[in-house]
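Colleague: I'd like to learn how to read the features of a structure like this one. Could you take me through it step by step?

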Amino acid sequence: MSFIDQLRQAQQQNQSLLCVGLDPEPSRFPAGVARNAEGIHDFCVAVAEATHDLACAFKPQIAYFAAHRAEGQLERLIARLRQIAPQVPVILDAKRGDIGSTAEQYAREAFERYGADAVTLSPFMGFDSVAPYLKYEGKGAFLLCRTSNPGGDDLQNQRLADVPGQPRLYEHLARLAQGPWNTNGQLGLVVGATYPAEIERVRALAPTLPLLIPGVGAQGGDALATVRAGWREAGPIVVNSSRAILYASGGADFATAARAAAQATRDQLNAARP
Ligand SMILES: O=c1ccn([C@@H]2O[C@H](COP(=O)(O)O)[C@@H](O)[C@H]2O)c(=O)[nH]1
């Protein structure tokens, strides 16, 4: 099954647009969870078990694992997610971008080593840096388009003088991803919930692409405005929240609190659907 079909199926089954982000930071773990690589694995498993029926995707951010030499634990975690929630796709947030030969290795890492269903990529180096990922049939790739951070303006919001109509860089990217770059039909875009007007613009330019939308929760993005701007019958959205769910409680009840936070966010997103 293709990534996009898998995503739609999980959204239907769990009635959810919510992606639970797995950004495990040992210094924020409650007492009783080891502040090491094994603790990272166990903490994420506990959160996944508590939220598996509320999520349409899980998004481990690779830096939180690699920084603590927990790549082996990330492999095991993704394998475990398959048991906990076989229907829920895993998006590996890696934001890779490199020349083709190196991109081949990154693609292998994401899809063969970790077994992710989709990956996030930086499109800055152009189509040949994206193409190796598209050779993996049915696997998804989300290109950074209009990111949630204020610094996204520095490049993404600049106009391209040499392109007809002088679009902004993020608009040009959205057009490429909807059109000529989407050779396997599995491309999506990353757009920040902190910029709903830009979500709406991206949706106009890329009406059928899945949008991965981080920025609700800890970054303060507006869930209602996000869904209104991005959700369309023909174009799914996946709205990520990480810290607001993972650290809803710093105590022994962290998994129960994570579930409550995930449920509240899921319900908020669903209530905003037209
Ligand atoms: O534009 C982007 C792209 C990716 N991210 C990632 O999403 C989560 C957000 O975490 P919160 O705790 O919900 O703020 C994190 O992994 C980022 O690396 C993003 O925030 N913005």
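Colleague: Where does Val 130 sit?

Modeller: First, the ground rules: this is a predicted model, where local features need pLDDT of at least 70, side-chain atom pairs count only at pLDDT 80 or more, and totals for chains, interfaces and linings use all residues. Residues are numbered from 1 along each chain as its sequence is written, and side-chain values use heavy atoms, with hydrogens and water left out. Helices (H or I, at least four residues) and strands (E, at least two) are DSSP runs numbered from the N terminus. Val 130 is placed in helix H6 (residues 127–134).

Colleague: Is Val 130 buried or exposed?

Modeller: Buried means under 20% relative accessible area, exposed means over 50%, and partly exposed is in between (1.4 Å probe, protein chains only). Val 130 has a relative accessible area of 1%, so this residue is buried.

Colleague: Which residues does Val 130 touch?

Modeller: Contact means heavy atoms within 4.5 Å. Not counting residues up to four places away in sequence, Val 130 touches Leu 121, Leu 143, Trp 181 and Leu 187.

Colleague: Which residue does the "active site" annotation cover?

Modeller: UniProt positions are given here in the numbering used for the model, with feature names shortened, and annotations may be inferred rather than shown by experiment. The "active site" annotation comes from an unreviewed UniProt entry and covers Lys 95. Lys 95 belongs to strand E3 (residues 91–96) and is partly exposed, at 38% relative accessible area. Leaving aside neighbours within four places in sequence, Lys 95 is in contact with Gln 61, Thr 120, Leu 121, Ser 122 and Leu 144.

Colleague: With which side chain does the side chain of Lys 95 make a polar contact?

Modeller: A polar contact is a pair of N or O atoms within 3.5 Å; within protein, one must be able to donate a hydrogen and the other to accept it, and residues adjacent in sequence count only if both atoms are side-chain atoms. For Lys 95, the partner is the side chain of Asp 93, at 2.9 Å.

Colleague: How many residues are in the largest nonpolar core?

Modeller: In soluble globular proteins, nonpolar side chains tend to be buried together. A nonpolar core is a set of buried Ala, Val, Leu, Ile, Met, Phe, Trp, Tyr and Cys residues joined through side-chain atoms within 4.5 Å. Here the largest has 76 residues, and Leu 22, Phe 58 and Leu 189 have the most contacts inside it. Helix H2 (residues 37–51) supplies the largest share of this core, 7 residues. Another core, of 14 residues, lies apart from it and includes Phe 3 and Phe 142.

Colleague: How many aromatic pairs are there?

Modeller: Rings of Phe, Tyr and Trp (its six-membered ring) pair if their centres lie within 6.5 Å; planes under 30 degrees apart count as stacked, over 60 as edge-to-face and the rest as tilted. That rule gives 7 aromatic pairs. Phe 29 and Phe 43 have ring centres 4.4 Å apart and planes at 25°, so they are stacked. Phe 29 lies in the loop between strand E1 (18–22) and H2, and Phe 43 in helix H2, so the pair ties together parts 14 residues apart in sequence. Phe 43 also stacks with Phe 254, at 5.0 Å centre to centre and 20° between the planes.
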